[in-house]
Amino acid sequence: MSGDIPTTAYTRRQFVHGGLVLASASVTLPAFLSRSALALPRAVPGAAAIPGVDQDRVLVVVQLSGGNDGLNTVVPYFSPDYYRARGGIGIREDRVLKLDKAAGVGLHPAMAGMAELYNEGMVTVVQGVGYPNPNRSHFQSMDVWHTADTSGTGDGWLGKYFDAECCGYGKGESGRPDGSAARGTQLGLAIGAAAPLAMRGRTASSVSFESPELFRWSGGEGEGDLGHAYDMITRAPDAVLPGEEGSNVEFLTRTTLDARVSSELIRKAVATRPMASYPANSPLTRQLQMVAAMIRAGLPTRVYYTTLGGFDTHSGQGGEQGRHAQLLGQLSGAVRAFYQDLKASGHDAKTMTMCFSEFGRRVGQNASNGTDHGTAAPMFMIGPMVRKGVLNDHPSLTDLDSGDLKYTLDFRSVYAGVLGKWLQAQDPAVVLGKGYKPVEILRWRG
Amino acid sequence: MSGGTTRRKDPGGNSGLGSFEPHGGDFGFAEARHLLWRAGFGGSAAQVALIAGWGLERAVEHLVGYGGVEAGTRPAEARGDIKRERTAEERRAERAARQSRDEESLARIRLTIQQRERDDRKQMSQVQRWWLARMIETARPLEEKLTLLWHGHFATSYRTIENSYHMLRQNEMFRSHAAGNFGQMLFAIIRDPAMLAYLNNNQSRRDRPNENLARELMELFSLGVGNYSERDIKEGARALTGYTFVGNEFAFQASNHDPNPKRVLGKAVSDGDDFVKAILAKRECAEFVCAKLYRYFVGDYPSGVAQADEAAAGVIKEMSRELLRARYELRPVLRRLFLSGHFYSARVRGSQIKSPTQLVVGAVRSLNTPARDLDVLSDAMDRMGQELFYPPSVKGWDGGRSWINTATLYARQNAMVYLISGKRPVGRDALADAEPFRPEELVKAAEALGMSEGDAVAALLMVMIGRADINERGDLEEFARRRSGGGRVDHATLVELAMLIAALPRYQLC
């Protein structure tokens, strides 16, 4: 194998028997980190920096799958039309957690945690986000959001961002500068069965796992003779035979080694105890707790992706209480605890969370006390560095497009803000195309 | 193991890389194993030995001329009416309910639609399992391997079209042309409901042609970028207007077809068939198809290397000459490829990264593991990045090194643990699948072939990766010694050895 492992300094046996994480980290981290270092922008002279915030800022995406009912999340209590359309499931004005009196909107009462964050200045609500000719299919609209392209085709927006940052490849281009860039650089990490389309790119690979237990060998890693033998064969520096340099054997051997190292880092990280108490088990709690642990452990990951499903509330959606309220409560409670956890270890400032759904729901409720697939909806940007407030106008509740809200802001303008302002992408237009004015989501302007 | 020595002098001068001339070297166990893995999904030691005994010509003929072989698989059972268009009466009823604000009826209609969507997703999973089972069971492995190639080449995803019956019909269409005529397949693809829906040709109007199908037909299906102009796309899209489907069948809507003269690729064309003929008349089409065949069967030259090197380019050129000579019949090209010296050269053998399908189907076929639960396998393949009927985009799967990252490697290793030991991935069901895998058979087979006298590790290595001369062998032998105390290697240890070998980086290759 080439220069990454100084076999003269470590005999193979020491290499394998030494404290696994420490030994492997010291020996192989150069390979593991060198790629990431490329993609983690160092402070560029002249580039805007936020005082007190690490340059390796982190973005956490929370995807609300199924189409979250925006109107019952950020409630336009100012509007009698809202109450007319939502006779059975509307949220009473006196129960709404008011955000901005001038805007006349407030949060669903189940979102007390989010309201607290808002009052602490850590939430931006971006209203009326959507895109032209909205697609009401879950899959297709989700693909639109993931690809930042209304055709819903092509690579993911985060994948394109990774590509652009690490290899100078952008929208519409393809191919790899060389095979090596595909190695295990964990710029993006998703909690879920498969990496989301949003993270799919040409060069940078994203990792996904539902639980850290799946991010390890299920044959008996770390167990006695078998685990030992597994260590030996997957960390074998001499697996590559003469004449195989640069071949797929070498590529696989190196990636296997990377996998072992990152698996251990990640599992070690998520085994640590949270530094705040999370609300009782909800799927999002579990995910954000893991993400906080990984951020705390200093993984070289820039974007974490989490998902909360169940928002397809065609029937029995409920109003102040009920299914939708429970989901919003889970979201709000998990995010609140997440920031307490991060704050305790001093990692809150470098972490911004973006919350979106593939579409909102129709203005009028249906006969089953639910709502059907709609269009524009609010997004949340969360973190100590966001600009507190309610951005952008609420879409009209009377000037509708066959019963649906007309979007007032293209979601790609929000992406442009996230990429350009927060992640400091060199040129968001490479990822998103031209013409999307970045939304000012940060409180601090450089 | 012999190298790729050739009978005739290599005209390209690429000594050691073989050429497109017939393979003149040995056709022993190693070569037969290679042929079975590449032209199919691998085979058991006994199958490898059998075709090695037949000799090269007969082995290739058996695989390529599969028309005479009984596939031995069951046909898919699927309903074609789950996603049928709603009848005029149903539409009238909905309109009436809407007008009279009959919320109860509207709710009932909505529920019916949702139920149909659920039924259809369920049917898609069933068809998915059916195909996976067919690949595992078929006696015509090349037929399924080609069907998979065309599925990725003419990529269409259920995710977008949400019609399982159309996906199945498309799959059957690919199978019927698999080693047949590429031109016929192009004529069929512009009539295929799944493709017409996927690339929006059903929404194309004579006054507002949708260019999606016209573009991909040339860019991704037949010619490749640089071999057509934007104008060819525009005029081609006009030629394709009116190509749509009604229910489950192709329909040409003359009223929606633009009858005005158009020129595509320098030829006057009227309709989609003319468009396809104009494509087939271009030499570049044959080269494009052969480059695809080459990458699929011979080598995914390392990802990022956009150009084939001289040896590969030479072979692709020869292949496309053959394809044009045969008027786009695929069999003669495949036959010559699998007989060629280049195909058996040292550089080509054991160098290809298995696709997830290749890994899973190949493991069952070559190791004779139980097939276990197809749902678990299908989930695992999704984790590895290849869910059948759900290619990620119209470009299909990139293949090669793009299959591999730190997460998919674990998914691959753990799928092998499941197949070999029955131990399910955590989170699904911790109970081991009871049906045992019999590694003793592999050892016996290897010994019967004289590959490993009494050495279980060597036997498993030969069967599983085709060679025993690797450096990790010592680690495996040490493990076997510790377990057996130097005595006979017992069943549990053989199972564990098989899991370890399947975790070797090299096991990902074929």
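This is a predicted model: local features need pLDDT of at least 70, side-chain atom pairs count only at pLDDT 80 or more; totals for chains, interfaces and linings use all residues.
Residues are numbered from 1 along each chain as its sequence is written, while chains are lettered from A and ligands numbered from 1 in the order in which they are written.

**The sheet in chain A**
- E2(A) and E4(A) (residues 105-107) pair in the antiparallel sense over two bridges; strands (E, at least two residues) are DSSP runs numbered from the N terminus, as are helices (H or I, at least four), and pairing takes at least two DSSP bridges.
- The open sheet has three strands in the order E2-E4-E3, with antiparallel pairing.
- Strands E2 (74-75) and E3 (97-100) of chain A each have a single partner strand, so one side of each is left without a neighbour in the sheet.

**Where the chains meet**
- 52 residues of chain A are in contact with 49 residues of chain B (contact means C-beta atoms, placed from the backbone, within 7 Å).
- On the side of chain A that touches chain B, H8(A) gives the most, with ten residues.

**Two helices in chain B**
- The axes of H21(B) (residues 456-465) and H22(B) (residues 473-484) come within 9 Å and cross at roughly 135 degrees.
- The contact uses Ala456(B), Val457(B) and Leu461(B) of H21(B), plus Arg473(B), Leu476(B), Glu477(B) and Ala480(B) of H22(B).

Methods:
Two residues are in contact if their C-beta atoms, placed from the backbone, lie within 7 Å. Axes are lines fitted to C-alpha atoms, for helices over the stretch in contact, and angles run from 0 to 180 degrees between N-to-C directions.
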